[in-house]
Structures are given as structure tokens and as C-alpha cells.
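Dear colleague,

Please find the structure below. My notes on the findings follow it.

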Amino acid sequence: MGLAQPPSPTAADIQGLFDRIAPVYDSLNERLSFGLHRVWKRMAVRWSAAAPGHTALDLCCGSGDLAFMLAQVVGATGQVYGVDFSAAQLVVAAERCRRTPLATPIHWVQADALDLPLATASIDAATLSYGLRNLTDIAQGLAELRRVLKPGAKAAILDFNHPPTALTAQFQRWYLETLVVPTARDMGLTDEYAYIGPSLDRFPTGAEQVRLAHQAGFDQAIHYPIAAGLMGVLVVSNCHDWG
Ligand SMILES: C[S@@+](CC[C@H](N)C(=O)[O-])C[C@H]1O[C@@H](n2cnc3c(N)ncnc32)[C@H](O)[C@@H]1O
């Protein structure tokens, strides 16, 4: 008999969790990835094909790392929507924006990625980092993302990946058990960070993500393993004209 999986968290559980960790989320991310998350996020921005003048979307934006990177690319003639359902994460994002003003308008929108308050075919380029894994309905999240993208627009979706070899799997387990959970424990967030392992176990593989993206209606979907396969970027694009 296999070990019972912990029950999947509800949307309210996930929203509460990200509200609680908002004050320390950025510093923990920085410590736990040794600053590498910024390199991977820049790759996602490049793969989204965001360009000057674009209206770009950072879905599940959290404290706004990718929204700020997108803003630098789309420039003063473009605009960025940063969407998240955690009010506390958006407060941190808006405060960062206030401290370092940019010429690009960034609209922070509190909303559910499964039901976006954005017009159909209104977005030129999108990113989603470490958010897909947290959606309670990944298929619906992908369909909603596709709905808001213009024909030809791309989205780059960065997240953890299922390790490709036994060695990388061992490393990932060691990383989660030896670094992530104890560091979070030191900051009084044991339960909050214990969610990463189970959420990764439930997360579709790269091949499954490609299949889900096609089912959601994307014409093109490619999953690129990065960081020795520990992370992955799913790049999707939408040729369909909504008419
Ligand atoms: C791990 S954080 C990633 C934040 C940011 N993208 C980054 O990479 O630093 C995941 C974010 O997804 C948001 N999120 C999860 N499910 C969501 C949903 N259904 N709708 C909107 N935001 C959601 C959480 O509130 C949280 O801020």
C-alpha cells in the first residue's frame, strides 16, 4: 500500500499562505536560490518575447519581480499588469514600486488567475513564475491565460521541474529537506514552506504540461528544463485569432 498523499490545499489555504509569508518572501527567495531565481526569471522574460510598447502580464506576480523586469523591457510606451490573489503580496509589490519609480505604468490587480478581469486578446506577452504549481486547476489557469493573450503572443511559465535523473532527484530532496525547510523554520514559517515538496509531487511533468497546454488550446508549447533540470520553463503561444 502506498503512502497517502496529503490533501491538496484549497484556494483559500494558498491565498492565506502567501498572505502570511509576504513580509519575508523576497528575502527567503534570495537566500534559498542563492540569487539564481533572478537569472531564471530574466530567462522567462526573454522567452515571453516582451518588447517595447507591449502590454505585458505577470500572472501570480507575488511581490512583483517579473512585473518589474517586464516593465524595463516594455518601457514607457508599454504597460504591465501584475495580477495576484494575495493582497499582502500586492502591498509589497506596490511598496517596491513606490521606492523605485519606473516610467512604465504597472497596474497591480488583485484577482484569481482562474478568472481574470482582463479583456480577451488584450496581452502581448506574459510571464508566470512559481505560480502554475499553486493553481488549484492548472487546466483552467492555462485556458484563462490563453484567452487573454493576443494571437501570436507568448507566455513563459517558470517553475520547479521534476528532476531528470536519480542524482538530481537526490539533490532536490536534499535541497528541500536540508536548506528550504530548516531556513523557513528559523524564520518561524515551517508549515508555510513544508508545502513545496508535496506541491512539486503533484505538479505535472514537463511533458504533461505540454499536453495540458495543447488541451487548453495553445498551438505551440515547449518545455525547457533549465538549471540542470531542477527548474523548467514552459513556453506557450497562441496563433488562434479570437475574431
Ligand atoms: C511562489 S509565489 C510566486 C511569486 C512570483 N511570481 C515570484 O516568482 O516571485 C506564487 C504566487 O501565486 C499566487 N497565486 C496562487 N494561486 C493563485 C490564483 N489562483 N490566482 C492568483 N494568484 C495566485 C500566490 O498568491 C503567490 O503570490
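A nonpolar core is taken here as a set of buried Ala, Val, Leu, Ile, Met, Phe, Trp, Tyr and Cys residues joined through C-beta atoms within 7 Å. A residue is buried if 20 or more other C-beta atoms lie within 10 Å of its own, exposed if 12 or fewer, and partly exposed in between, with C-beta atoms placed from the backbone. The model is predicted: local features need pLDDT of at least 70, side-chain atom pairs count only at pLDDT 80 or more, and totals for chains, interfaces and linings use all residues. Residues are numbered from 1 along each chain as its sequence is written.

The largest nonpolar core has 54 residues, and Ala-56, Leu-59, Ala-67, Leu-70, Ile-123 and Ala-126 touch the most other members. Helix 3 (residues 65-74) gives this core its largest share, eight residues. Helices (H or I, at least four residues) and strands (E, at least two) are DSSP runs, numbered from the N terminus.

In helix 9 (residues 206-215), the residues Gly-206, Gln-209, Leu-212 and Ala-213 are buried. They lie on the same side of helix 9 because they cover an arc of only 115 degrees around the axis, the arc being that of the directions from the helix axis to the C-beta atoms. The face turned away from the buried side of helix 9 carries the exposed residues Ala-207 and Gln-215. Just after helix 9, Gly-217 takes a positive phi of about 105 degrees.

The ligand is surrounded by 20 residues, the closest being Phe-18, Cys-60, Gly-62, Ser-86 and Ala-113; a residue counts as near if its C-beta atom, placed from the backbone, lies within 6 Å. Helix 1 (11-32) supplies the largest share of this shell, three residues.

With kind regards
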